[in-house]
Amino acid sequence: MKFFISIILTALICFASALYLPWWSIAPMSFLVAVLIPQRPGKAFLSGFLALFLLWGGLSFWISYQNEHLLAHKMSMLILKMDNPYLLILVTALIGGLVAALAALSGSYLRKTK
Amino acid sequence: MRIVPFLLATAITTGLVITLNTRLPLAGSEAPAFGKFLSPQHGFWQNAESANYDFTTDLKFPQLKGKVSVYLDERLVPHIFADQENDAYFVQGYLHARFRLWQMELQTYAAAGRVSEIIGEKGLTHDREFRRLGMVYAAEIALKETEKDPVLLAECDAYTAGINAFIDGLTESSLPVEYKLIGHKPEHWSNIKTSLFLKYMSYDLASHDDDFELTNAKSYFSADDFTKLFPAVQDSLDPIIPKGTVFEKQKVFPVAPIAVDSIYFNSKALVVSENEKADRENGSNNWAVSGKKTKSGSPILCNDPHLALNLPSLWYELQISAPGFNAYGVSFPGAPGVIIGYNDSCAFGFTNGGRDVRDYYEIKFNNDKRAQYWFNGAWQNTRFRVDTIKIKGKPDFIDSVAYVLLGNDWCPVMYDKSFGGGRATGDKNYAVRWKANDPSNELKIFNMLNHAKNYADYSAAVTNLHTPGQNCVFACKTGDIAIRTQGEWPAKWKGQGDFIMPGTDTSYLWQGMIPQDEVPFQYNPERGFVSSANQKPVDETYPYYIGRDYPPYRGQLINRRLNTMNNISPQDMMQLQTDNYDLFAETAMPLFLKNMKESELDANQKKYYDLLRNWNLRDDVGSKGATIFEVLWSNFADTVYGDEYAKAPKVIMRPFESTLVEALLKDSAYSFLDNINTPQKETLADEVTAAFKKSSAHLQQLEKDGKLDWEKFKATRIAHLAKLAPFSRMNLAAPGGTHTINATRSDHGPSWRMVISLTAQTEAYGVYPGGQSGNPGSKYCDNFVDQWVAGKYYSLWMMTKSESSDQRVKWKMNFDH
């Protein structure tokens, strides 16, 4: 249960904070959730990762879908040197997930007594 | 708390965030900061505009005096209805920035010689070149002229305020994607940027010169050969102002200096030159036919300016309606008003005048400090303009440019010991006298044309145009048609400014300008049409020297067609604008067909020769003959001139295509045909056959690569301004070529095609190769391209306010104070 609440809370808080704060606010926010909802480091890492993987992946997919993937086609050629919008969405999700996962891991170590 | 893992994990997290928030070097350039760039709420995803994006919005700006309603139609063309004229310019500025900010910024940075601020040291040569030509100096002078005119100043102020209103509303996430890619932030607009943009157009249209190249050619070739290679007269010329026209009595009499032959014409001093220049082929077509030649009985005006093709396009289409006027057409993102278009009374368009208004003088300084220069028998004091060029990631570069007073004009010493620009040898100093550095007020023309009601208004408007000089075409609902070869042109003696000139006294300076009443024009001519296509504007009876560098073929063909056309409809005009018939090929082909030694060709060569022989002289899609002709011509010119040019200086003038064709049609024993490296004397037939054999090898390779079809060989592309291939449109199946009326080359061509039939209810058509939005993430960024490639047009809608519920209106933007 804690695991799912962490994921949802992290995703929500990160989404809200990014409306007003720079992109890297996802790190302190994921950290904060991991501090508030203590989990084992492995679980915290995974919940942080999944939260932002889903948030960034979901948002970029939704935006790109509405855009008929027009920009993602061009941008994947530019950045990944191959025409693959879904790969670009995956890369986006992975990067968001990785940052949040590491931040959540840090947070869990702060709370962990043993 | 587990202190060690905590610290370790926190350090890794922080390190990752910092890395993802930093622009890092990648493959020779800089990658965006990936965290910021990929964040769906901050980065490029935010620029992925929904296909169903709703542009409707309500905006409030205290700068406005009244209400402005903007109706965006299905092509995203804004129809601006303002209660106050200057409010319309505010909104125009806002919309230009809303849809084209990045391009406006890039172009004005380029004009101001500030590219290094964005791209670092590799922009420095460009920046120094532009500043030394006097671009910023010229823009400052132009702005002073604008500021003297309260009407224009208010127009510019409103336009600038509109741009800044948009910039101030930008957030990190709403920045155009190009800024996110290169890590740059927009700066505020100011009136000087509008001036800089207009000077950038002057650079594009009126900075071309071959003075260094011709000086080298003159030094290298004998006088006799030089005259043959660079004749002042074209046989095929059909001038804009028809032959036989009687000109105004000459009032300015430029006199060549004493000893001009020995010091100037026959001087063998070499210069070096290898820099980039504005494109010679920056040309265009325009014409107007009178009602007696049209089906409707009303005049039709047509214009298609040929310029470099880019995304975002140079043009932004719009309608501006305010009390006192109502204009539709294309505008420059960077300047207020409609540039080419029509209003409720008349239509107007331009082609480039293309005369040489940029000349060089060799300056003698007292020493390397350049504090004094020798002029009229005494040492004179230099002025310095010190330019601080900011370079991204490097210390500033300080460039001090000497200005010398030549007659009444302070001219920048563009090339000297510190800056050769690939052009000067370094031990010599060349001051540039460029007409665009003189005071003038180009914006006034467009303001007046937008308001023009009749021929008198048009004349009063265009005579304000000094530089870049343009052939201004006009047609009016009253039935009038006109063309004026407008500009403030230096009155030159024959040959003045063709080569680098001595700059040690007044004798070689421009001696005055051609008076405005001696500028040739046509008003309702008997033949029922006026036209221009950058050909030489007048024949040899015109009293002033106007140079030799004009393309003859498009103009000749347009006149040939218009002469025979009657009962013309707008559709006929669209067909003419997109005509792919190649008059140059028509002229040159008989030389090939008559002189080919067919018996010497092998089976493969014969195959290409048959394709050439059966070619219909059209640069159409799928044409193989067009490719064969193009390859053959280039090999033929090389075969004829290659031996003579083999030991020439690296940068030297090559003869124009028309020169070689006309010479051979007159004299099949043209002296350059002989290869000077062989004992025997080559004939025209030898050279034609040799060139064809050489071409066949190249053609075979092209055929293997699947590029024998004309459009594949030519591969027209519309490159993104930042040269990013995925943001560009490559390999378009576009017909046309350099010499066809549809002058679509590989990266250059009709940048806006317009046909306006001035019937009671104006019938207007237009298309440009781009889209209204500059955002590569918008479906409106290039949605006109396919229509343009196919030679099709959009119907242009001069909306009235009562049509606000018309189904073509898709969105509405309300601006209020």
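Mentor: We'll go from the chains, to their contact, to the domains, and then to a few helices and strands. This is a predicted model, so to speak: local features need pLDDT of at least 70, side-chain atom pairs count only at pLDDT 80 or more, and totals for chains, interfaces and linings use all residues. Residues are numbered from 1 along each chain as its sequence is written, while chains are lettered from A and ligands numbered from 1 in the order in which they are written.

Trainee: Okay, what is the secondary structure of chain A?

Mentor: Helices (H or I, at least four residues) and strands (E, at least two) are DSSP runs, numbered from the N terminus. Chain A has five helices and zero strands, so to read it from the N terminus is to read α-α-α-α-α. Its C-alpha trace spans about 50 × 25 × 25 Å along the principal axes.

Trainee: How many of the residues of chain A count as buried?

Mentor: Burial is a neighbour count: a residue is buried if 20 or more other C-beta atoms lie within 10 Å of its own, exposed if 12 or fewer, and partly exposed in between, with C-beta atoms placed from the backbone. In chain A, 55% of the 114 residues are buried. For chain B, the figure is 52% of 817 residues.

Trainee: And what does chain B look like overall?

Mentor: Chain B has 23 helices and 31 strands, and its C-alpha atoms fill a box of roughly 95 × 70 × 65 Å along the principal axes. For the radius of gyration, taken over C-alpha atoms, the globule rule is 2.2 Å times the number of residues to the power 0.38. With 817 residues, that puts a compact globule near 28 Å, and chain B agrees at 28 Å.

Trainee: Which residues bring the two chains together?

Mentor: Interface size is often given as the accessible area lost when the parts come together. Here we have residue counts: 33 from chain B and 32 from chain A. On the chain B side, helix H1 (3–20) and helix H2 (34–38) each supply at least two residues, and H1(B) has the largest share, with nine. That side divides into 19 nonpolar, ten polar and four charged residues. Nonpolar here covers Ala, Val, Leu, Ile, Met, Phe, Trp, Tyr, Cys and Pro; Asp, Glu, Lys and Arg are charged, and the others, Gly among them, are polar.

Trainee: What about domains in chain B?

Mentor: Domain bounds come from an automatic or database domain assignment. For chain B, that gives domain 1 (32–579 + 741–817) and domain 2 (583–714). Their C-alpha centres lie 35 Å apart, and 23 residues of domain 1 are in contact with 15 residues of domain 2. On the domain 1 side, helix H10 (211–220), helix H11 (223–229) and helix H15 (553–564) of chain B each give at least two residues. H10(B) gives the most, six.

Trainee: Why do the buried residues of H16(B) line one face of the helix?

Mentor: You look at the arc, meaning that of the directions from the helix axis to the C-beta atoms. In helix H16 (residues 570–577) of chain B, the buried residues are Pro570(B), Met573(B), Leu576(B) and Gln577(B). They fall within an arc of 115 degrees down the axis of H16(B), so they line one face. Their cover includes strand E7 (300–308), H15, strand E28 (753–757) and strand E29 (763–767) of chain B.

Trainee: Last one: which strands pair with E13(B)?

Mentor: Two strands pair if DSSP finds at least two bridges between them. Strand E13 (residues 358–363) of chain B pairs with strand E19 (residues 429–434) in the antiparallel sense over six bridges, with Arg358(B) opposite Trp434(B). E13(B) also pairs with strand E22 (residues 501–502) of chain B, in the parallel sense over two bridges; there, Glu362(B) has Pro502(B) as its bridge partner. Five of the six residues of E13(B) are buried.

Conventions: Contact = placed C-beta atoms within 7 Å.
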